[in-house]
Amino acid sequence: MVAQESIMNKMSPSNLACVFAVNLIWPPHDSVSLRALTPLNIFTEILVEHYRTVFGSRSAPGELLP
């Protein structure tokens, strides 16, 4: 997972959330207010940090997910 290599690639769960949050959760009017960014980023960061619990995994530890 990208976040597991954050020491080398600088893509921590928080940084990944900033990149993907708006793209994963579309706002109702095709624009996001600054007020809405923080909760979106926090939610996305939780998904990134706990992806195995949230999405489940049948693969062995260290194995790439399909």
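So, is threonine 44 buried or exposed? At 1% relative accessibility, threonine 44 counts as buried, where buried means under 20% relative accessible area, exposed over 50%, and partly exposed in between, with a 1.4 Å probe and protein chains only.

Quick housekeeping. This is a predicted model, where local features need pLDDT of at least 70, side-chain atom pairs count only at pLDDT 80 or more, and totals for chains, interfaces and linings use all residues. Residues are numbered from 1 along each chain as its sequence is written, and side-chain values use heavy atoms, with hydrogens and water left out.

Okay, back to threonine 44. You'll find threonine 44 in helix H3; helices here are DSSP runs (H or I, at least four residues), numbered from the N terminus. Leaving aside neighbours within four places in sequence, threonine 44 touches Ala17, Phe20, Ala21, Leu24 and Ile25, contact being heavy atoms within 4.5 Å.

Now H2, residues 13–24: Pro13, Leu16, Ala17 and Ala21 are its buried residues. Down the axis of H2, they fall within an arc of 125 degrees, so they line one face too. Their cover includes H3, residues 34–49.

Last one: leucine 24 also sits in H2, but at 55% relative accessibility leucine 24 counts as exposed.

Technical notes: Helices (H or I, at least four residues) and strands (E, at least two) are DSSP runs, numbered from the N terminus. The arc is that of the directions from the helix axis to the C-beta atoms.
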